[in-house]
Each structure stands twice: as structure tokens, then as C-alpha cells.
Amino acid sequence: MKSCSLALSSCCRALLVLLVVLWPTVAGANGVSFPGQWQQVASGTDDCERCWVEIRRNGPVLKVTGRDGWFAVTHLGRVGGGSTAEGIGRWNEDGVSRYRGKPFDIRITIVDEHLYMDMSVRMDDGSTQAVRAVFDKRRWEKSARRAMAKS
């Protein structure tokens, strides 16, 4: 009887450990995830109805591409159940942006179904410029459906 109780206790411990390890994955399954297209709804500089980002996932790595001429590679963090990613990127060499060709650090976070982006662009004089924006996936999906309906 004692060995049965010990085996059950051992099984329960293993199940508890498994639950703790997999909880971030399970918890994120019902919420909004990074991959997909996100439309900008607010920015520290100016609002842009046509600005969006696209995020593609490959394991813990996210490739983030901005419509306005930049790209980044980020890595999902363990903090917050995988709702934060940090990495580096670069603005395209061609284009009219004042950030043209500049490297940057980036952090993206999902909070309450919104994507928050904080970018720190390294300028030629050694200073950094902050670029912040908020994106909404649901708004992008509504805009895409509207565009399809018009065609």
C-alpha cells in the first residue's frame, strides 16, 4: 500500500512539474499571439492608418517587418509567459526616413491584446532616438476584410 501511495505521489509531482513548465504555452494558447499582421493604432511620432508590422515565428525567434521600411529579429523571452520578445534590427538603406540605414534595439510586448513596440535607434552622433507604437491585430483583420469587400 505504501508503494502505491509513493508512486501516486511521484506521479502527481511529475504532473505538477509538467504543468509549471508548460503553463506559459497553455496560457498563451487562448490569448493573442505574435504571428500575423498588426495595424498601428498609436505612435509617439504620428498616427499612420497605413502603418503595420508583420510577424513570423520560427520556434523562439520572431522576424518582424515594418511597412515603413525596417526589419528585426527578436527572441521570445521567458518572462511573462512568452509575451515579450527582444532583439535587433535595421532600417532599410533606401527610403526617405531619417532613420535610413540605422541599427536599432527593439522590444515588443503583448498586453491586453495589443502589441507594444519600443525601438531605440542609434544615430550617427551617438545619441539614440526612441520610436514607440501600439498595434492591434483585430483592427488589421477588420481593415483587410473591408478591403476585400470593396474589390
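Modeller: Let us begin with a salt bridge: Lys 102 pairs with Asp 124. Please bear in mind that this is a predicted model.

Colleague: How far apart are the closest N and O atoms of Lys 102 and Asp 124?

Modeller: The pair links distant parts of the chain, with Lys 102 in the loop between β5 and β6 and Asp 124 in the loop between β7 and β8 (128-136), 22 residues apart. A salt bridge requires the nitrogen to lie within 4 Å of the carboxyl oxygen. The closest N and O atoms of Lys 102 and Asp 124 meet this at 3.3 Å.

Colleague: Is Lys 102 buried or exposed?

Modeller: Buried means under 20% relative accessible area. Lys 102 has a relative accessibility of 12%, so Lys 102 counts as buried.

Colleague: And Asp 124, is that residue buried or exposed?

Modeller: The threshold for exposed is over 50%. Asp 124 reaches 71% relative accessibility, and therefore counts as exposed.

Colleague: Which residue forms a salt bridge with Arg 107?

Modeller: Arg 107 lies in strand β6 and its partner in strand β5, so the pair ties together parts that are 21 residues apart in sequence. At 37% relative accessibility, Arg 107 counts as partly exposed. The closest N and O atoms are 2.8 Å apart, and the partner is Glu 86.

Colleague: Which residues are linked with Glu 113 in a network of salt bridges?

Modeller: Glu 113 is found in the loop between β6 and β7. Its relative accessible area is 39%, so Glu 113 is partly exposed. The residues linked with Glu 113 in the network are Asp 136 and Arg 138.

Colleague: What is the phi of Asp 112?

Modeller: Asp 112 is placed in the loop between β6 (103-111) and β7 (114-122). With 69% relative accessibility, Asp 112 counts as exposed. Its phi is positive in a residue other than glycine, near 50°.

Colleague: What is the angle between the planes of Trp 70 and Trp 91?

Modeller: Trp 70 lies in strand β4 (residues 70-76) and Trp 91 in strand β5 (residues 84-91), so the pair ties together parts that are 21 residues apart in sequence. Both Trp 70 and Trp 91 are buried. Their aromatic pair is tilted, with 6.5 Å centre to centre and a plane angle of 50°.

Colleague: Which residues do ring pairs link into a cluster?

Modeller: Trp 91 also forms a tilted aromatic pair with Tyr 99, at 5.3 Å centre to centre. Tyr 99 is buried, as is Trp 91. The cluster linked by ring pairs consists of Trp 70, Trp 91, Tyr 99 and Phe 104.

Terms used: Residues are numbered from 1 along each chain as its sequence is written. This is a predicted model: local features need pLDDT of at least 70, side-chain atom pairs count only at pLDDT 80 or more; totals for chains, interfaces and linings use all residues. Side-chain values use heavy atoms; hydrogens and water are left out. Rings of Phe, Tyr and Trp (its six-membered ring) pair if their centres lie within 6.5 Å; planes under 30 degrees apart count as stacked, over 60 as edge-to-face and the rest as tilted. Helices (H or I, at least four residues) and strands (E, at least two) are DSSP runs, numbered from the N terminus. Buried means under 20% relative accessible area, exposed over 50%, partly exposed in between (1.4 Å probe, protein chains only). A salt bridge is a side-chain nitrogen of Lys or Arg within 4 Å of a carboxyl oxygen of Asp or Glu.
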